[in-house]
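Please keep the structure open beside the text as you read.

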Amino acid sequence: MIDLYSKEDGVTNSCFVSDLFEICMERIQSTTKAYTQVELAEILHIRQSSISDAKKRNSIPAKWLVTLLQKFRLNPDWVLLGEQPQYLEGTTDVPSHEIGTPKSTFPIHVPKRIKNKTVIVHSMSGSGTTGTPWEQKPVEQIMIPEHFYRPDMIVIVLESASLEPIIRKGSYIGIDPHQQNIISGELYAFDLPREGLVIRKAYVREDDDKILLSAFSQHFQEQALPFEFGQQRVFGRIVWILQEL
C-alpha cells in the first residue's frame, strides 16, 4: 500500500479505489499470463506474500504499476480505471493486434479519475564531491499523482534512517526549492557541507539567533546552526512524502 501525504491537503490519498482490486488483478493477469501468485511475484520482482498482503488491503501498490509499465508498457490508467489505450506507445513486446483490446472489460464507476505523472528521483548524496554544493544525480523514475507535481520540484529517495520511525528509509520525498523561508516545525531539506541533502524539522530560536535542526530518530543529535548560515543552506520545504506502510 502507498501512503501519499500532501502538505497542501493534509490527507492520505490511496492510489487506488479499494473495491476495484479484483478487476485490476484480472486485467494484470490476463495481460501478463501470470495466473498464479508464484508467476505474478516473479514478474513483479516481489515476494509472493506481498500479493496476499495487497489482496487483504484491497490495494494495488504503485510499484506494481511502474514494473508493468516498464516491462509490458501497460497504461496505469487502463490497469486502474479500464481507460484506453491499454498499452502506451514505444513497445515492441506486445502484438499489434492486441494493442487497445483488453482480454476482458468490466463496467466500472469511480468517483474521480486519477492522473499520474512520471518524475525523476535523485540521490540525497548528489553527484558532486564532498564539500561542494549538492548536485542532482538521477537514480530512478516513479509515478506520482499529477496534483502532487509542481514546476522545478526535486524528488529524492531518503537514504538515511534519521527520520525513522515516522519517515522510513527508502521513502520518496518531494521538495519545493521555491519555499526557503523557514516556518518553525516544518520539514525542510538542507544542503550541508560534507553531508549533501539532509531532511530535518526546523525551529527558529530567536533568543540566540539560531536554527535548530531536529531528526526523529533518537540516534541522531539535534544540530544548532547560526541563523544566517542555516538560512543560506535551506534547499527547500518538504511538500509530500511517499512511503510504504
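## Charges in pairs and in a patch

Aspartate 209 has a relative accessible area of 48%, so this residue is partly exposed. Bear in mind that the model is predicted. Aspartate 209 sits in the loop that joins strand E8 (196-205) to strand E9 (210-214). Together with Glu206, Asp207 and Glu228, Asp209 makes up a negative surface patch.

Now to the pairs. Side chains of opposite charge can pair when their charged atoms come close.

| Salt bridge | N to O distance |
|---|---|
| Arginine 205 and aspartate 208 | 2.7 Å |
| Aspartate 176 and arginine 150 | 3.2 Å |
| Arginine 237 and glutamate 186 | 3.4 Å |

Let's start with aspartate 176, whose side chain meets that of arginine 150 in a salt bridge. This pair links distant parts of the chain, 26 residues apart: aspartate 176 belongs to strand E6 (residues 172-176), while arginine 150 is in the loop between strand E4 (138-145) and strand E5 (154-157). Both aspartate 176 and arginine 150 are buried.

Next comes the salt bridge between arginine 237 and glutamate 186. Arginine 237 is in strand E11 (residues 234-244) and glutamate 186 in strand E7 (residues 186-192), so the pair ties together parts 51 residues apart in sequence. Arginine 237 counts as buried because its relative accessibility is 15%, under the 20% cut-off.

Finally, arginine 205 pairs with aspartate 208. Arginine 205 is partly exposed at 31% relative accessibility, and aspartate 208 is partly exposed with a relative accessible area of 31%.

Key: Residues numbered from 1 in each chain as written. Predicted model: local features only at pLDDT ≥ 70, side-chain atom pairs only at ≥ 80, totals over all residues. Heavy atoms only, no water. Patch = residues over 30% accessible without salt bridge, like charges linked within 9 Å, V, L, I, M, F, W, Y side chains within 5 Å. Areas by Shrake-Rupley, 256 points an atom, 1.4 Å probe, with all protein chains shown as cover. Salt bridge = Lys/Arg side-chain N within 4 Å of Asp/Glu carboxyl O. Lys, Arg positive; Asp, Glu negative; His and termini not counted. Charge placed at Lys NZ, Arg CZ, Asp CG, Glu CD. Helix = DSSP H or I, 4+ residues; strand = E, 2+ residues; numbered from the N terminus. Buried < 20%, exposed > 50% of the residue type's maximum accessible area, 1.4 Å probe, protein only.
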